[in-house]
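Here are my notes on the model, point by point. Please read them with the structure open.

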Amino acid sequence: MSTVDLSEIDDLLVRHKTGGGGLIELLQEVSNRYQYVPREAVERISEELGVPLTQLYSLATFYTSFKLAPPGKHHVCVCTGTACHVRGAPRLVETLERDLKIEAGGTTADGKFTVDTVNCLGTCAIGPIVTIDGRYYGNITSDALSRLIKKVE
Amino acid sequence: MSCCSEQTGDAAAVASPATGEGPQRFDTPEALAAYVERLRAGHDEGLLTVLVSGGTCGLAAGAREVFDALRDQFAEQDLAGRAVLKLTGCHGFCAQEVLVVVRRGGRETLYCHVKPKDVAELVAAGVAAEGPLERLLYRPPEDSQVRVAEKGQVPFYAKQQRRLLMNNNRIDPLNFDDYLLQGGYLALAKALETEPEELIGWIKQSGLRGRGGAGFPTGIKWELTRRNVESAFDGQEEDGHCYVVCNADEGDPGAFMDRSILEGNPHALIEGMAIGAWAVSGDTSAACRGYVYVRNEYPLAIEHLQTALAQARAANLLGEDILGSGFSFDIRIVRGAGAFVCGEETALIESIEDRVGEPRIKPPFPVARGLWGMPTTLNNVKSWASAVMVVDRGPEYFASVGTESSKGTMVFSLVGKVANTGLIEVPMGMTLGEIIEGIGGGTQSGKPIKAVQTGGPSGGCIPATMLDIGVDYESLTKAGTIMGSGGMIVMDETTCMVDTAKYFVHVGMEESCGKCAPCRDGLQHMHHLLDEITEGRGRAEDIDLLERIGKHIRELSFCGLGKTAPNPVLSTIRYFREEYEAHIEKKQCPAGVCKALVVYRIDAEKCNGCHLCFKRCPVDAIRGEVKGPHEINEVECIKCGMCYEACKFDAVRII
């Protein structure tokens with residue numbers, strides 16, 4: 001069953017064919033539209049542009065910003081940069097994994113949360129940091145995170 | 001990676017509020033200089049100015065809300081005309097965000113931890129009246145009674161020399177006139193009237209070395225590129241190309257210097273790249289194009305850079321026939337897609353060329369055959385911005401601080417367990433001790449410093465006994481680490497060096513592109529051994545084995561990532577061997593970090609039975625009644641640390 005509306009990327013394909021630009025750029029645009037890179041979209045790109053699927057998937061799997069599965073409703077991201085690491089980021093990851101019963105990188109069974117880690121958000125001074133749907137929570141403790149997650153609707 | 005939708009010139013061409021003139025397009029260097037003069041004539045340096053530090057960390061701390069509240073107050077108090085309000089780039093003192101600076105007649109008063117609810121009082125007492133508002137002034141941690149009003153006297157700022165970061169404190173990055181008022185693009189105008197060889201001579205004379213990590217002399221890099229451009233396209237009918245590229249793929253975990261410059265002073269990068277483009281390709285038949293490869297995790301930096309590019313194009317400072325010189329140059333933004341290895345120059349080039357970021361073999365170096373096989377100069381954000389300073393103020397000014405071999409200043413992100421976390425700029429050669437104690441204020445916890453780490457996953461840890469070494473390229477290399485791009489992470493006794501080494505090897509392992517076996521397999525092997533050690537299964541021979549594998553990876557890897565990835569392990573073994581031995585022989589983690597080697601206990605004498613730990617424990621491993629003694633069941637305990645964090649009486653001990 002496919003619920004991916006491929007008409008959403010028609011304009012991207014037209015722009016790519018006429019204006020040039022790279023495949024990585026195209027995949028980034030696709031990822032922006034769907035919040036992930038759907039298989040259907042990759043197949044469509046492959047057909048339309050005559051680019052082998054393997055080439056597209058080599059890019060989509062090499063670069064970590066591409067997700068191949070749909071994300072949950074809320075995106076929780078723990079910064080695991082060095083500054084955050086020495087200030088307790090690993091405990092935050094463990095807390096989320098324990099509370100939500102998923103591994104980092106995964107999505108909860110009900111599709112409510114996706115938990116990711118990122119190498120550095122560059123806001124080291126207020127570490128450890130967690131972002132929830134793009135909002136920054138600095139100097140956070142496991143306990144505060146645990147309570148915060150419970151409040152997310 | 002994406003060349004973002006770039007605004008057309010018209011959208012960016014806004015009338016100048018400062019001079020009341022229409023949009024400016026400079027057809028000659030004189031027109032630019034005259035406009036800057038008019039801006040300066042109309043500018044009152046003594047005018048009351050309120051600056052809000054608005055980098056990503058400032059915004060995360062609520063700078064936008066403070067700014068909005070200030071704007072409302074300005075309207076309410078009818079301050080327009082009498083005072084100016086600006087949202088600037090990052091002022092660097094992240095530990096005290098949100099920062100507000102009130103400048104009055106050249107004196108700057110620093111307000112810390114400002115919240116929207118403080119704004120009405122701040123405006124009344126500190127802006128409308130002479131001030132200062134005592135309550136929000138900086139408070140040194142050692143004496144809570146003292147307040148420091150003058151920004152320059154706050155220890156964090158007093159010992160710095162903010163040259164590259166100066167504009168971050170002064171200008172609204174989205175306001176083009178603000179940059180021009182500081183003499184912006186006059187260096188480009190000067191460069192375009194200078195012979196490229198002479199320009200390169202200035203850069204060489206300044207002693208500027210690559211600020212991205214390796215420290216290659218920038219002037220020589222430019223010169224080599226130019227020679228290659230000249231020999232490649234000499235006498236050819238068809239036009240050739242060459243490239244200048246900015247590496248803004250700031251991947252080092254624990255570093256945010258480049259982001260801060262992109263956010264707070266984007267025109268400096270554009271101007272620097274345009275100067276570089278003229279230096280490598282001016283007066284040749286080759287056309288030069290620019291690329292900025294920037295991390296996708298830096299949305300605000302990308303936004304500000306896009307705006308700045310559009311402004312520069314509209315003003316004829318980018319594009320065709322810049323300032324009527326006949327020289328043409330433009331810049332495209334390419335967004336990274338999340339691969340640390342793309343910070344390596346040839347991997348970055350591969351990525352711009354739409355391939356996976358696997359490095360190329362060198363030579364040929366990018367200066368000979370880089371992007372699309374053409375001569376390419378690739379520099380870090382700070383290097384490009386430094387070139388502007390060299391041209392603007394002269395090589396002597398640039399080289400007036402620093403050491404014999406490392407000239408100028410260096411920007412560091414001072415983070416980790418340090419009290420005054422933030423972004424700092426100091427002359428090369430300042431000792432680590434002066435930086436960490438003098439500017440950083442020692443550790444946050446008050447515990448002794450154990451080590452400092454520089455250079456990210458490519459660097460090493462320097463023990464506290466060596467804090468008297470000065471920061472320059474050679475001294476740091478001798479100590480077993482590297483300058484890197486400027487991350488400086490302070491560690492105290494609660495940081496485990498084995499765990500730290502494991503952390504960095506994990507980063508290297510995850511980010512290895514997998515092209516060569518020493519890096520791909522070697523780092524996995526090292527990580528496995530470190531994992532065993534931290535889990536209490538280490539063997540006595542593992543330390544030597546780690547050293548052997550590390551040296552192999554260092555010698556045999558294809559690119560810089562692998563060549564440097566063992567550094568964190570090798571340097572921690574060199575300086576903290578006894579900590580490895582404690583893990584292996586005594587099955588102890590002296591820092592209390594490695595979970596498998598510690599137990600959590602409650603100190604009966606300190607516990608007052610507040611019952612908070614009991615409530616927080618996620619696995620019900622704590623027994624005890626309110627006001628009674630509490631105890632942790634060590635079998636059930638999962639060592640999550642919740643009770644340790646919750647206890648307000650330091651009764652929970654990690655042993």
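1. Two strands count as paired if DSSP finds at least two bridges between them. Keep in mind that this is a predicted model. Strand S5 (residues 241–248) of chain B and strand S8 (residues 376–380) of chain B meet that condition: they pair in the parallel sense over five bridges.

2. Is S8(B) mostly covered or mostly open? Mostly covered: five of its five residues are buried. Thr376(B), Leu378(B) and Asn380(B) point one way from the strand, while Thr377(B) and Asn379(B) point the other way. Residues pointing either way are buried.

3. Now the helix pair. The axes of H10 (residues 196–206) and H11 (residues 218–233), both of chain B, come within 7 Å. They cross at roughly 155 degrees. Angles over 145 degrees count as roughly antiparallel, and H10(B) and H11(B) are therefore roughly antiparallel to each other. The crossing is left-handed.

4. Which residues make that contact? H10(B) supplies Pro196(B), Ile200(B), Ile203(B) and Lys204(B). H11(B) supplies Thr218(B), Gly219(B), Ile220(B), Trp222(B), Glu223(B) and Arg226(B). By class, the contact has five nonpolar, two polar and three charged residues.

5. Last, the chain interface. In chain B, 47 residues are in contact with 37 residues of chain A. On the chain B side, the elements giving two or more residues are helix H3 (56–60), strand S9 (409–416), strand S13 (487–492), helix H20 (497–511) and helix H26 (642–646). That side divides into 23 nonpolar, 16 polar and eight charged residues.

Definitions and conventions
Residues numbered from 1 in each chain as written. Chains lettered and ligands numbered in written order. Predicted model: local features only at pLDDT ≥ 70, side-chain atom pairs only at ≥ 80, totals over all residues. Axes fitted to C-alpha atoms, helices over the stretch in contact; angles between N-to-C directions. Helix = DSSP H or I, 4+ residues; strand = E, 2+ residues; numbered from the N terminus. Parallel < 35°, antiparallel > 145°, perpendicular 65-115°, else oblique. Left-handed = near helix turned anticlockwise from the far one by under 90°. Contact = placed C-beta atoms within 7 Å. Nonpolar A, V, L, I, M, F, W, Y, C, P; charged D, E, K, R; others polar. Buried ≥ 20, exposed ≤ 12 C-beta atoms within 10 Å, placed from the backbone.
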